[in-house]
Amino acid sequence: NPVYETDGQAIHIVYSGATKGWIPTSDDDVTFETQQTYSANFLVLAGGGSGAEDIAGGGGAGGLRSSMTATGGGGSVETALALTPGNTYTVTVGAGYPASDNNPGSGSNSSISGTGITTITSIGGGEAGGPTSYGSTADNGQAGGCGGGARGSGGGGAGTSGQGYAGGDGFSTGGGGGGGTAAVGVAGSSNNAGNGGAGVSNSITGSAVNYGGGGGGGVTNGNSIGSGGSGGGGNGSNSQGAAGQDGSANLGGGGGGGGNSSNSDIAAGGSGVVILRVLTSDYTGTTSGSPTVTTDGSHKVIKFTGSGSYTA
């Protein structure tokens with residue numbers, strides 16, 4: 001009365017009659033076939049940091065990681081994900097820091113995680129430097145995926161290696177630009193605010209799009225504002241009491257710095273985005289969070305502008 005209970009075991013049995021019943025003629029442990037995976041290219045962009053008020057710096061853009069075309073911070077393009085059929089992968093899309101009065105802050109992280117893959121996380125953009133009495137840490141820009149630009153004599157925040165660049169230093173009459181995914185923020189100078197760093201051009205959707213522009217710095221009345229970096233960075237302000245422009249949604253742009261006056265509102269950072277690209281023959285159609293799904297040649301492009309999931 002043998003017992004066969006090993007996963008993957010194969011037996012060959014022959015019925016010999018009522019006396020001896022079924023007789024095994026061979027029994028072998030057969031290793032299960034390794035579950036096959038399929039490739040998915042990705043782009044993970046975090047939310048941008050806010051600008052600050054009062055001749056302030058621009059917010060840093062959200063950090064960018066990608067396995068296709070280009071990644072942020074001058075890093076090498078990463079290896080595509082190997083997805084296992086049946087596994088569910090969680091997508092988190094980071095928000096840009098909101099435009100709360102006199103309370104600048106950094107953007108939120110974006111990520112892809114799930115069984116069998118190393119979690120891909122992009123870091124939120126750093127907040128811009130502003131007056132210490134209004135929520136920012138001194139006049140320094142804060143570190144992030146891309147660093148926030150500074151105010152006054154402060155220094156720009158550092159970017160994250162392989163994701164984005166640093167923000168620009170400040171000047172008493174011109175804020176520094178926020179760092180972008182493709183370039184550092186420009187430092188402020190006398191009556192001139194620094195421009196935000198440019199965003200990286202990436203073609204994962206089938207069309208070239210710039211992602212992660214830093215916010216431009218703010219400046220004193222009527223002088224040259226800092227322009228937002230290509231890829232969603234908001235322009236700075238040169239009007240008393242006026243905030244800079246918000247960073248663009250789903251491009252991870254930093255908010256622009258405010259003009260002179262510590263009573264102005266702040267500019268929000270733009271939200272991030274997560275994009276997967278798989279062969280149409282591999283695409284399962286099982287998602288949550290209502291991503292936009294388009295076709296580019298032989299591939300499906302799954303674009304998440306809010307958090308959700310994909311089941312391989």
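Thr311 has 18% relative accessibility, under the 20% cut-off, so Thr311 counts as buried. The structure is a predicted model.

## Around Thr311

Start with the position of this residue. Thr311 lies in strand β15, which covers residues 308–311. Its side chain makes a polar contact of 2.9 Å with the side chain of Thr88. Setting aside residues up to four places away in sequence, Thr311 touches Gly86, Asn87, Thr88, Thr284 and Thr286.

## The five-stranded sheet

Which strands form the open sheet that includes β15? There are five, in the order β8-β7-β6-β15-β12. Their pairing is antiparallel. At the edges are β8 (120–122) and β12 (286–288), and each of these pairs on one side only. From one strand to the next, the twist averages 10°.

Strands of a sheet pair through backbone hydrogen bonds, either parallel or antiparallel. Here, β7 (residues 110–113) pairs with β8 over three bridges, in the antiparallel sense. Within this pairing, Ser110 has Ser122 in β8 as its bridge partner.

The loop between β7 and β8 holds Ile117. Is Ile117 buried or exposed? Its relative accessibility is 14%, so Ile117 counts as buried. Ile117 and Leu83 are 34 residues apart in sequence, yet their C-alpha atoms are 7.5 Å apart in space. Neighbours within four places in sequence aside, Ile117 is in contact with Leu81, Ala82, Leu83, Tyr89 and Ile112.

## The nonpolar cores

In soluble globular proteins, nonpolar side chains tend to be buried together. How many residues does the largest nonpolar core have? It has 19 residues. Those with the most contacts inside this core are Leu81, Leu83, Ile112, Leu276, Phe304 and Tyr310. Several strands supply it: β3 (38–45), β5 (81–83), β6 (88–92), β11 (273–279) and β14 (299–304) each give two or more residues. The largest share comes from β3, with four residues.

## Strand β11 and Leu276

Strand β11 is mostly covered, with six of its seven residues buried. On the one hand, β11 pairs with β3 in the antiparallel sense over five bridges. There, Phe42 has Leu276 in β11 as its bridge partner. On the other hand, β11 pairs with β14, again in the antiparallel sense, over six bridges. In that pairing, Leu276 has Ile302 in β14 as its bridge partner.

What does Leu276 touch, not counting residues up to four places away in sequence? The list is Asn41, Phe42, Leu81, Ile112, Lys300, Val301, Ile302, Phe304 and Tyr310.

Met68 sits in the loop between β4 (64–66) and β5. The C-alpha atoms of Met68 and Phe42 are separated by 7.0 Å, though the two residues are 26 residues apart along the chain. Again leaving out residues up to four places away in sequence, Met68 touches Asn41, Phe42, Val77, Asn202, Ser203, Ile204 and Arg277.

## Aromatic pairs

How many aromatic pairs does a search of the whole structure find? The search finds two.

| Pair | Centre to centre | Angle between planes | Type |
|---|---|---|---|
| Tyr15 and Trp22 | 5.1 Å | 55° | tilted |
| Tyr283 and Tyr310 | 6.1 Å | 0° | stacked |

The stacked pair is made by Tyr283 and Tyr310. This pair links distant parts of the chain, with the two residues 27 residues apart. Tyr283 is in the loop between β11 and β12, while Tyr310 is in strand β15. At 0% relative accessibility, Tyr310 counts as buried. Tyr310 is also one of the residues with the most contacts inside the largest nonpolar core. That brings us back to β15, the strand of Thr311.

Terms used
Residues numbered from 1 in each chain as written. Predicted model: local features only at pLDDT ≥ 70, side-chain atom pairs only at ≥ 80, totals over all residues. Heavy atoms only, no water. Buried < 20%, exposed > 50% of the residue type's maximum accessible area, 1.4 Å probe, protein only. Polar contact = N/O pair within 3.5 Å; in protein donor to acceptor, adjacent residues only side chain to side chain. Contact = heavy atoms within 4.5 Å. Pairing = 2+ DSSP bridges. Axes fitted to C-alpha atoms, helices over the stretch in contact; angles between N-to-C directions. Core = buried A, V, L, I, M, F, W, Y, C linked by side-chain atoms within 4.5 Å. Phe/Tyr/Trp six-rings, centres within 6.5 Å; stacked < 30°, edge-to-face > 60°.
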